[in-house]
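The sequence and structure come first.

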Amino acid sequence: MKKAKCLSLLLIFAMAIGGCSKTNTSETAETTAAPETTITETTEEPTETTETTETTTTEEPAPTFAPEITQYSDVKVNDYITVSRDEYKFIPQFTLEGDDFKKANEEIMELAGDTYVVSMDYAFIKADSRRNTLLVYVGGEWEWLDVLCYTFDTQTNEILDNDTILAIAGEPLSEFYEDASDSLEAILEERNFRFDQEDYEYTLSSENINKNMMMFLGKNDELFLVSDVCSGGGADFYIEIWDLNAKCWSGGCQVDAAGLGDEYSIHILKKGTDHDQISLFAKTNEEDKQIEFYDYRDGGLVLFGTISTEGKKYASSRSNIYLVEGEARNDLEIDQDGNVSLSN
């Protein structure tokens, strides 16, 4: 599978990383010894002396943001995974026992250690009452997207194979290729790009679309597929995430984690800046109809802010989450007081 490469995300990452500095989380306490007091007896009457000491206090403005902690290890985010962070890499690991999960953890760590990987993010998806998916995706130095995905069963304690995924999704193997190729062809037609004919044919071929391709279960056991998709510019192919309803969930080497996942890592721009951002954990709270944002503080996750999902639909890219209203888009921003709000 070819890794797609282009220049735009490099510029974004260069600006983003350039706008951030590493945080030293250690604290240095300075201790000043108390002055020694000497008492001397005398027969002379004491003379009262009054001294006036003037103290000048300079008020410093309160910091608008606590320094962002960019490195930590094994923070428990739910019952099945922990997440470590290394700069722009959110690195998930399964806490479940078994050879399947051990192998998956090794694959994730190997991908995170790739020299060309600039960022790593994740989305955790609740497919049904017993099955979940961990989707891991990375961005590269020259803007390519790579993906790992694992749908697992918490009752059998195993990662599901493709035959089981197709069966749970209700997709007959005899109809799979036709359904998948028709859906991907519709996605390409909507893009209306001028594709290289050879690349176009490979994208829709059984060599690229088959029962052994990368796939996972989304919400309500919907089937999602991951494959090489021909490009209208830049690299010949980009890895894309798409479904059988002719909808693509990635683009420009980004992933719509807010649309796909129940829990995910996200990076939100600070208000009034072009590239300065703060990186957070996000979680959809269906009961209270809101998305909750969490920051890493004091050894764990603390609630940072919320936004309402009542009658609203949100989507995301790596660098932002936004409200979708028809053709319009309102980005979320974090203001100087740390409040999450929609841009005008």
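Lysine 247 covers the face of tryptophan 249 at 4.0 Å from the ring centre, and lysine 283 covers the face of tyrosine 294 at 5.5 Å.

The model is predicted: local features need pLDDT of at least 70 and side-chain atom pairs count only at pLDDT 80 or more, while totals for chains, interfaces and linings use all residues. Residues are numbered from 1 along each chain as its sequence is written, and side-chain values use heavy atoms, with hydrogens and water left out.

There are 14 aromatic pairs in the structure. Rings of Phe, Tyr and Trp (its six-membered ring) pair if their centres lie within 6.5 Å; planes under 30 degrees apart count as stacked, over 60 as edge-to-face and the rest as tilted. Two of these pairs are tabulated here.

| Pair | Type | Centre to centre | Angle between planes |
|---|---|---|---|
| Tyrosine 72 and tyrosine 296 | stacked | 3.9 Å | 20 degrees |
| Phenylalanine 94 and tyrosine 150 | edge-to-face | 5.9 Å | 85 degrees |

Tyrosine 72 belongs to strand β1 (residues 71-76) and tyrosine 296 to strand β15 (residues 290-297), so their pair ties together parts 224 residues apart in sequence. Helices (H or I, at least four residues) and strands (E, at least two) are DSSP runs, numbered from the N terminus. Phenylalanine 94 in strand β3 (residues 89-94) and tyrosine 150 in strand β6 (residues 145-153) are 56 residues apart, and their pair links distant parts of the chain.

Tyrosine 72 and tyrosine 296 are both buried, as are phenylalanine 94 and tyrosine 150. Buried means under 20% relative accessible area, exposed over 50%, and partly exposed in between (1.4 Å probe, protein chains only). One aromatic cluster is formed by Tyr80, Phe94, Phe101, Phe124, Tyr150 and Phe152.

The count of disulfides (pairs of cysteine sulfur atoms within 2.5 Å) is 0. Cysteine 149 counts as buried at 13% relative accessibility, and cysteine 230 at 2%.

Helix α2 (residues 99-112) has 14 residues. Its buried residues are Phe101, Ala104, Asn105, Ile108, Leu111 and Ala112. Seen down the axis of α2, they fall within an arc of 130 degrees (taken from the directions from the helix axis to the C-beta atoms), so they line one face of the helix. On the other side of α2, Asp99, Lys102, Lys103 and Glu110 are exposed.

Key. Lys NZ or Arg CZ within 6 Å of the ring centre and 35° of its normal. Expected span 1.5 Å × (residues − 1).
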